[in-house]
Amino acid sequence: MSRSLTHELVRHRAGFAYSQLSQRYVDESQANFVVPPAIVGDEILEKEWRAQVDEAQRSYVRLVEHLMERYGWVADKVHRRKMSREAARGVLPNSTETKIVVTGNARAWRTMLELRSSEGAELEIRRCAVAIIKMLSRESPAFFSDFEIYQADDRREAARIVYHKV
Ligand SMILES: Cc1cc2nc3c(=O)[nH]c(=O)nc-3n(C[C@H](O)[C@H](O)[C@H](O)COP(=O)(O)OP(=O)(O)OC[C@H]3O[C@@H](n4cnc5c(N)ncnc54)[C@H](O)[C@@H]3O)c2cc1C
């Protein structure tokens, strides 16, 4: 998923715990990027998006190289790399792929999934929420079977629930 998705996801605090890939320790010169769902399938938009993303990644690589030289006096190479990557990541876009492990209790998931699978939610996190609903209603129907997935006016899947949190 993209960093913009996880930025929204981690706002759900109560009952959740997160562990996300570090951009300070991990080299992003080979990172993947997540195409925003609204752009997928449109050749012109994808080309525009891809050009920006590729240039950002090239700039990241150049910045890391220069920063490694600039901080050449730092003896600990791991620390020097971290200093370089944490500054260079500033040019990486929201679409940069990340990995995140999420633990949540059933009540927390229900609230998050209701909010993020609705038609008002951003498309990538909505796609993710609908996928999680499908999985959880199979795994744990007693907690999640009141979610109804439907085709929304924008021709994408959304979900609604019968029992709201009070
Ligand atoms: C469509 C959409 C658009 C959004 N747009 C924006 C935006 O533009 N800007 C922005 O900043 N955010 C935005 N958000 C994020 C939103 O403001 C919330 O941060 C997010 O939905 C998580 O809130 P939450 O209350 O469910 O989560 P949590 O903070 O995890 O809280 C869950 C529930 O636990 C309870 N709780 C939490 N903490 C405590 C506590 N300390 N004491 C007692 N009870 C507690 C409350 O009942 C709360 O509702 C958006 C969210 C959505 C779904």
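Arg 155 counts as exposed because it has 6 C-beta neighbours inside 10 Å; a residue is exposed with 12 or fewer other C-beta atoms within 10 Å of its own, buried with 20 or more, and partly exposed in between, with C-beta atoms placed from the backbone. Keep in mind that this is a predicted model, where local features need pLDDT of at least 70, side-chain atom pairs count only at pLDDT 80 or more, and totals for chains, interfaces and linings use all residues. Residues are numbered from 1 along each chain as its sequence is written.

**Arg 155 and its loop**
- You'll find Arg 155 in the loop between strand S3 (147–151) and strand S4 (157–161); strands (E, at least two residues) and helices (H or I, at least four) are DSSP runs, numbered from the N terminus.
- What is the phi of Arg 155 near? Phi is near 70° here, a positive value in a residue other than glycine.
- For background, most residues other than glycine have a negative phi.

**Two domains**
- The protein chain splits into domain 1 (1–21 + 98–166) and domain 2 (29–91), with the bounds coming from an automatic or database domain assignment.
- Take the centres over C-alpha atoms, and domain 1 and domain 2 sit 29 Å apart.
- Where they touch, domain 1 gives 5 residues and domain 2 gives 4 residues; two residues are in contact if their C-beta atoms, placed from the backbone, lie within 7 Å.
- Domain 1's side of that contact has 2 nonpolar, 1 polar and 2 charged residues. In this scheme Ala, Val, Leu, Ile, Met, Phe, Trp, Tyr, Cys and Pro count as nonpolar, Asp, Glu, Lys and Arg as charged, and the others, Gly among them, as polar.

**Helix H2 meets helix H3**
- How do the axes of helix H2 (residues 43–70) and helix H3 (residues 77–88) cross, and what distance do they come within? They cross at roughly 140° and come within 9 Å; the axes are lines fitted to C-alpha atoms, for helices over the stretch in contact, and angles run from 0 to 180 degrees between N-to-C directions.
- On the H2 side, the contact has Tyr 60, Leu 63, Val 64, Leu 67 and Met 68. They meet Arg 80, Met 83, Ser 84, Arg 85, Ala 87 and Ala 88 in H3.
- By class, the residues of this contact come out as 8 nonpolar, 1 polar and 2 charged.
- Ser 59 also has its place in helix H2, and it is partly exposed because 14 other C-beta atoms lie within 10 Å.
- Ser 59 and Ala 152 are 93 residues apart along the chain, and their C-alpha atoms are separated by 39 Å.

**Helix H4**
- Which residues of helix H4 (residues 106–116) are buried? They are Trp 109, Arg 110, Met 112, Leu 113 and Arg 116.
- The cover over those buried residues includes strand S2 (100–104), H5 and S3.
- Arg 107 lies in helix H4 too, but it counts as exposed because it has 12 C-beta neighbours inside 10 Å.
- Between the C-alpha atoms of Arg 107 and Ala 14 there are 9.5 Å, although the two are 93 residues apart along the chain.

**Around the ligand**
- The ligand is surrounded by Arg 11, His 12, Arg 13, Ala 14, Thr 111, Leu 115, Arg 116, Gly 120 and Ala 121; a residue is near a molecule if its C-beta atom, placed from the backbone, lies within 6 Å of it.
- That shell divides into 3 nonpolar, 3 polar and 3 charged residues.

- Pro 37 sits in the loop between strand S1 (16–20) and H2, and with 14 other C-beta atoms within 10 Å it is partly exposed.
- Leaving out residues up to four places away in sequence, Pro 37 touches Leu 123, Glu 124 and Arg 127.
- Arg 138 belongs to helix H5 (residues 123–139) and is exposed, with 10 other C-beta atoms within 10 Å.
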